[in-house]
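Please open the structure in your viewer and keep the selection panel at hand. The tour below goes from stop to stop, saying at each one what to select and what can be found there.

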Amino acid sequence: MDAIEELRERLERTREKTETLLAPVPEARLATRGSPTHASLAWDLASAASFEELWLLRKLGGEPPDAAKHADVYDAFHFDSTVSKLPTLSASSVRAYADDVRERVLAHLDRVDLSVPDPLLRNELVYGLTVQHELEQQEKMLETVQLLGQTYPLPPRLDPPEQAPGPRNEVSIGQGVFVLGALDEPWAYDNELAAHEVELKAFRIDRTPVTNRAFAEFVEDRGYHTQKLWSRQGWAWRTAEKVGAPLYWEKTGSGWERTRFGRREPLPPDEPVQHVSAFEAEAYARSVGKRLPTEAEWERAAGWNVHSGKKRFPWGQEWMEYEANLGRTRLSPTPVGSFGGGVSSTGCLQMAGDVWEWTSSSFQAYPDFLAFPDTEASEAYFGHEYRMLRGGSWATDPAVARTTFRRFELPSSRELFAGFRCARDA
């Protein structure tokens, strides 16, 4: 298969995944918002198509937008971009727009010369970014489905993966220098690049993520009502939002239950906790005398081998489908200690898949950062407002779950399939 056909196949396979994900949702619910701070499924699809049009048709192909044909969608794009003010977009209008964009992209692909000295085409970068963006939107779509309380078909019950040998305690990582950031990643985002050496003090990090069982003990021990465990910003948020447990949890006479894709079920005690904010993660960590890892500590534990250097995944350079819970095959995390084949060089488990993991770091530029291809992609969000997550969840595509990938979200976000593991100074 030549490079052009491979790109065509990748684009089409990604769109098929999007359509398969949306197929079980009733048409009328595609335009419904899950919460005042979360866009609708129609908007998620429009975002994927708009990114594709911007970079593959306008920037790369020099084609103008077809405003007359897709007036409803383009008019909506002109509104205030604040999520709470987004207008309603009809699913039919968005689908027509997405289909038209894709048809024009595939027609233009036949005319693309990948050998020309265009930085957008180096290593097919602009196509890689487009595919990754849509894969990220797919996870956001599942977050929206969960927020809607929409009954969604669950996969056949799969046997739990084998447990890795060894205790589920901490691993120790000595002081030293490692390389933070992406090396030899042709489709890395600009915020991952400018890989550079970082020296870290010795630290300890949990071998596995924090479980539902452990977090339930924190809840029942009045962790949500013990102000000294919370940061000032976290306590203000908890008080204002009246938060008393992770999102989708409910206490019943028989114990804790959760709602998962429209169904109530007992809370699996050994799964990593998910749907917690960074504030909740920090409070739990303080309750056990620990803290959240920094972004650099997390990447050191996940993707660095002192003998061979950088790893794309915690276990190595390739994804063989048995090392981690990725790609939404289960629609939930797996018990902690699973997937021994995905152990990192430092001995940590489940550092890709299952749940995104909060860190203590805000979203900052690496030294020698260069915005490309767009200052709006990363640079506009740098600062202390956004918090870093690493690793990917069960809903994350393997193409996104590299150890250098940086997801940034508000620390109050709870709709994410996000949990955490703890760390402490050595």
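**First stop: Gln163 and its contacts**

In this predicted model, select Gln163 together with Arg168, Pro335, Val336, Gly337 and Ser338, which are the residues it contacts once its neighbours within four places in sequence are left aside. Gln163 sits in the loop between α5 (125–148) and β3 (170–173), and it counts as partly exposed because its relative accessibility is 37%. Now show the side chains: those of Gln163 and Ser338 are joined by a polar contact of 3.1 Å, while a polar atom of the Gln163 side chain lies 3.4 Å from the backbone oxygen of Val336.

**Next: the nonpolar cores**

Select Tyr127, Phe215, Phe218, Trp230, Trp249, Trp358 and Phe420, the residues with the most contacts inside the largest nonpolar core, which has 86 residues. Apart from that core lies another, of 18 residues, including Phe178, Ala296, Trp298 and Cys348.

**Last: backbone details**

Most residues other than glycine have a negative phi, and most peptide bonds are trans. With that in mind, select Leu331, in the loop between β11 (309–310) and β12, where phi is positive, near 60 degrees; Leu331 counts as buried, with a relative accessibility of 5%. Then move to Asp368, in the loop between β12 and β13, which has a positive phi of about 65 degrees although it is not a glycine, and which is exposed, at 74% relative accessible area.

Definitions and conventions
Residues numbered from 1 in each chain as written. Predicted model: local features only at pLDDT ≥ 70, side-chain atom pairs only at ≥ 80, totals over all residues. Heavy atoms only, no water. Helix = DSSP H or I, 4+ residues; strand = E, 2+ residues; numbered from the N terminus. Buried < 20%, exposed > 50% of the residue type's maximum accessible area, 1.4 Å probe, protein only. Contact = heavy atoms within 4.5 Å. Polar contact = N/O pair within 3.5 Å; in protein donor to acceptor, adjacent residues only side chain to side chain. Core = buried A, V, L, I, M, F, W, Y, C linked by side-chain atoms within 4.5 Å.
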